[in-house]
Each structure stands twice: as structure tokens, then as C-alpha cells.
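Hi everyone, thanks for coming. Have a look at what's on the screen, and I'll talk you through two parts of it.

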Amino acid sequence: MAMNRFMHPRNIYKTPPDFIQLAKDFSEFSKITKTDVTGKVTIDFKDPQSLRVLTKCTGACAIYPLLAAVKNQWLMYGTETDANSLKVAQENIQKNNLQDLIKLKINTTSSIIDYLFTENETVYYDFCMCNPPFYSTMMELWESRSPARPPPKNGFTGSPQELITEGGELEFCRKLIAESKKYCYNILIFTSMIGHKFNLAQLIDDLKSDNINYTHTEFCQGRVTRWGLAWTFHDYDLLQLLPPRDKPRKKIQPLVFLLPELPNCTYDLASASNKVKTILDRLGIAYEVVEKRGNTIKIDMVAKVNTWSNQRRKRRQEKRMQEETDVKKMKSNNLELNDMKNGSFEITENTSSHVQSNAELVVNKVIEKNNEDSNAVRSTESEQEGLLGIQVRAVLKIFKKDNEILLETEFINGTLGKEGLHQIVQFIKNNWK
Ligand SMILES: C[S@@+](CC[C@H](N)C(=O)[O-])C[C@H]1O[C@@H](n2cnc3c(N)ncnc32)[C@H](O)[C@@H]1O
């Protein structure tokens with residue numbers, strides 16, 4: 001679904017770019033355009049090469065300083081760690097003759113804004129904007145899109161250094177927040193673009209718990225949604241930056257479950273979260289406590305194999321197989337005993353198969369059938385393991401409210417979708433004893 005109807009009121013693409021004019025101005029762009037039956041000029045948004053040419057004609061590097069300088073004549077100061085990106089950005093600035101408005105500086109440190117103030121602590125900026133690399137690894141980049149979703153309508157155009165940073169955008173923005181505290185008087189408003197909604201929620205929690213004044217918004221364009229986060233340490237009304245949305249989007253309420261009291265256990269957060277962890281261990285689901293503060297514990301869990309569904313069927317099957325093996329053993333012992341009594345021959349495994357009774361044949365058939373079934377279960381699991389994909393990744397928030405311990409779940413990604421997470425929650429509920 002195109003998100004254009006939720007576009008920010010000041011989004012410059014509210015008026016779509018004029019592809020006919022671009023094709024006239026840039027011969028390279030005219031080569032990738034197509035004219036449809038209605039005469040509309042368009043490009044293939046799924047083709048990375050077409051997107052690369054398009055972004056080249058609208059400016060990919062230092063794009064925000066360029067837009068701010070051209071639209072508002074703001075003085076912008078751009079920073080970049082990648083020498084090549086900095087070079088291309090500098091060329092863009094010169095081509096547009098904006099070197100008086102935009103200055104660039106290479107950042108050779110691991111800081112984000114810290115290094116800007118090492119030489120001069122008395123520089124002041126109205127605001128800072130950050131477009132962080134979104135992912136922590138190439139793997140996360142690919143896994144960020146659930147295979148359950150249709151293929152992306154747009155190709156990826158970012159290079160690895162543009163898209164990847166250690167700890168992903170969450171840690172990048174946390175670092176920016178930490179550095180912002182140090183330079184709270186040098187910059188009036190701090191802002192960052194956020195690529196993942198679950199990171200926005202985490203960062204908002206961080207700002208809230210530090211009592212920092214913040215606001216956030218959504219950028220909707222084409223089929224992409226991104227989020228913007230702004231915070232300040234000054235007495236500044238951030239809400240005036242954001243006019244209310246004319247068409248509010250439906251808010252998805254998180255799913256919250258009551259975790260009842262456990263027998264022989266104190267009813268508190270620690271016991272409840274330990275129980276959740278024990279159940280996740282039992283399911284072989286990897287997890288990490290990502291937050292522990294006050295009345296809240298947050299667990300980031302990643303299930304790579306579906307170990308929770310059909311548990312009852314698997315248990316019934318195992319029990320039946322055990323009973324059948326016991327029956328078989330008993331019968332074979334009886335046979336052995338009879339033969340010993342008759343003094344005819346010693347039973348070996350080979351000879352016993354020749355003296356199977358019909359009943360045993362039936363038993364063996366059932367065992368064979370059951371083995372087939374359990375192999376089928378195993379092969380599906382090993383196929384799933386072979387895929388090395390994520391079945392369900394979610395954040396489990398266990399918190400105390402009004403003397404009750406609650407579990408709130410947030411689906412992040414995974415091939416089994418939200419249904420997979422519901423099944424895990426159901427498993428937790430069934431085993432809450
Ligand atoms: C998503 S890209 C944005 C590219 C470009 N700044 C723009 O807005 O068009 C993120 C960029 O952040 C750069 N980067 C990563 N760590 C940085 C840091 N500590 N300081 C400045 N830039 C950094 C990366 O090299 C990458 O080019």
C-alpha cells in the first residue's frame with residue numbers, strides 16, 4: 001500500500017518529481033525511463049541500477065544539507081567517516097555552487113558529534129540531523145525483511161558502509177543521545193531519522209527514562225515509512241515543529257497478557273521473567289535481556305526452529321512409541337522364556353523376526369509408521385534449521401502494573417509472522433504452572 005496519503009505536509013514530494021523534465025535535463029536518466037500507454041513517464045523502481053541513476057539526478061550524497069541549503073538557505077555543516085562518500089558529497093556541493101552554505105568535515109574518530117567540539121567548545125548550532133546506517137550486519141539487513149512479505153517494490157541502493165554500523169541504528173542513536181547530553185548547550189534540537197519502528201520505541205523509552213523532552217513523527221513516502229525523533233535539553237516547545245496529521249493512522253494496540261501467580265513462588269517480576277526464560281530455554285529459543293529497569297524487563301528473543309507447535313502430538317507419539325517398545329520387549333522376553341523352557345533354541349534378533357506373531361507385525365507397522373511421522377517432523381525441523389532464517393523475532397516486555405504482572409509482545413520479524421509469535425505466547429500460557 002502506498003504511504004503517500006500519510007505524507008508529511010511539508011514533504012517536497014507532495015508534488016511528485018517531474019520525470020519528463022529530468023529526462024530532458026539528464027541524458028543518463030532518459031535512458032532508464034519508460035513511457036506507459038497513458039503517456040506517463042516512469043522508471044522501474046525494482047531495478048537498483050535505475051534507482052542509482054535516479055538518486056544521482058536528485059543528489060544522493062549530502063542530500064539533506066543540499067536540500068536545506070537550496071530550500072531554506074540554511075548554513076549546513078556535514079560530517080562523514082567514509083572518505084569516498086565525502087568526496088562525492090563535496091563534488092555535489094560544488095556542482096550546485098553551494099560551497100558557501102555547506103561545509104563538510106571528515107570524521108576520523110569513533111564519535112558522532114563529540115569531535116566537532118574538540119577544537120572549539122563554543123560553537124552553537126540550531127539543530128543537528130542524523131541519517132544513521134540502519135543495520136548492524138549484512139545478515140540483519142537481509143533478515144530485516146520477512147520472506148512472508150512480498151518482495152520489495154524498490155531495490156537496495158545503499159552501499160554496505162552507508163547501511164551498516166556496529167550495533168545497528170539503535171546503538172548509533174543511543175551513542176548520539178549520550179553525546180548530546182554533553183553538548184546540550186551547543187545544539188538546540190537534536191534529530192535523527194529512524195529506519196525501524198522497534199528502535200524508535202526503544203529510543204523513546206531511553207529519552208523518557210532520562211526525562212529528556214522529545215517528540216517523534218512518521219515520514220511516509222511511496223511504499224516506505226521512516227520515523228523521525230527529536231529531543232532537546234532547552235525549554236523549547238518541540239510540538240510546534242510537528243503539525244498534527246490530517247489523517248491519523250490506526251494505532252496498533254500491543255497484545256498484553258496477564259501472567260498469573262505461580263504456585264510456591266512470590267508474585268514478582270523476577271519470578272515471572274525467570275519462568276518466561278525457563279520456558280524459552282525449554283523451547284531452545286535464544287534470548288537476551290535487553291532492558292532491566294524499575295518495573296520492566298525486556299527480552300529480545302529469536303526463534304530459528306519451530307519447537308512449540310504440535311507439542312501435544314509429539315508427546316502423545318513419544319508415549320505411544322515407548323509403550324509399543326515396552327510391549328515388544330515383553331513379548332520377546334516371553335518368547336525367550338518359552339523357548340528356554342522348551343529347550344529348543346536361543347533367540348537372537350534375526351531369528352525373532354521369523355517368529356513374529358500377527359500382533360507383533362501390527363505393532364511393528366505402527367512403530368514404522370510412527371518413525372516415519374517423527375522423521376517427517378525432524379526433517380521439517382532440519383529443513384528449517386538449514387534455512388538459517390529467523391522464524392520469529394520478538395520483544396517480550398514483562399512489567400508490573402497495579403500489582404499485576406503482565407506480558408506485552410511486539411513482533412519484529414520472521415518467516416512465521418505474528419501467528420508464530422501468538423503460538424509461542426500460547427505455549428507460555430499453557431506451561432505457566
Ligand atoms: C544512511 S547513510 C547517509 C548518507 C548521507 N549522509 C546522506 O544523508 O545522504 C549513513 C552514513 O553515515 C556515515 N557514518 C557512519 N558513522 C559515522 C560517524 N560516526 N560520523 C559521521 N558519519 C558516519 C556512513 O559512512 C554513511 O555514509
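I'll start with the annotated site and then move to a sheet.

Quick housekeeping: residues are numbered from 1 along each chain as its sequence is written. This is a predicted model, so local features need pLDDT of at least 70, side-chain atom pairs count only at pLDDT 80 or more, and totals for chains, interfaces and linings use all residues.

So, which residues does the UniProt "binding site" annotation cover? According to that unreviewed entry, Glu80 and Asn131; such annotations may be inferred rather than shown by experiment, and the positions are in the numbering used here, with feature names shortened. They span 52 residues in sequence, yet no two of their C-alpha atoms are more than 10.7 Å apart, so they gather at one spot.

Glu80 is in strand 3, residues 76-80. Strands here are DSSP runs of E, at least two residues, and helices are runs of H or I, at least four, numbered from the N terminus. Asn131 sits in the loop between strand 5 (125-130) and helix 6 (138-143).

Buried or exposed? Glu80 counts as partly exposed, with 19 C-beta neighbours inside 10 Å, and Asn131 is partly exposed with 14. Buried means 20 or more other C-beta atoms within 10 Å, exposed means 12 or fewer, and partly exposed is in between, with C-beta atoms placed from the backbone.

Now the sheet: five strands, open, in the order 9-13-12-11-10, with antiparallel pairing. Two strands pair if DSSP finds at least two bridges between them. Strand 9 (255-258) and strand 10 (286-293) are the edges, each pairing on one side only. Four bridges join strand 9 to strand 13, and Phe257 has Leu407 as its bridge partner.
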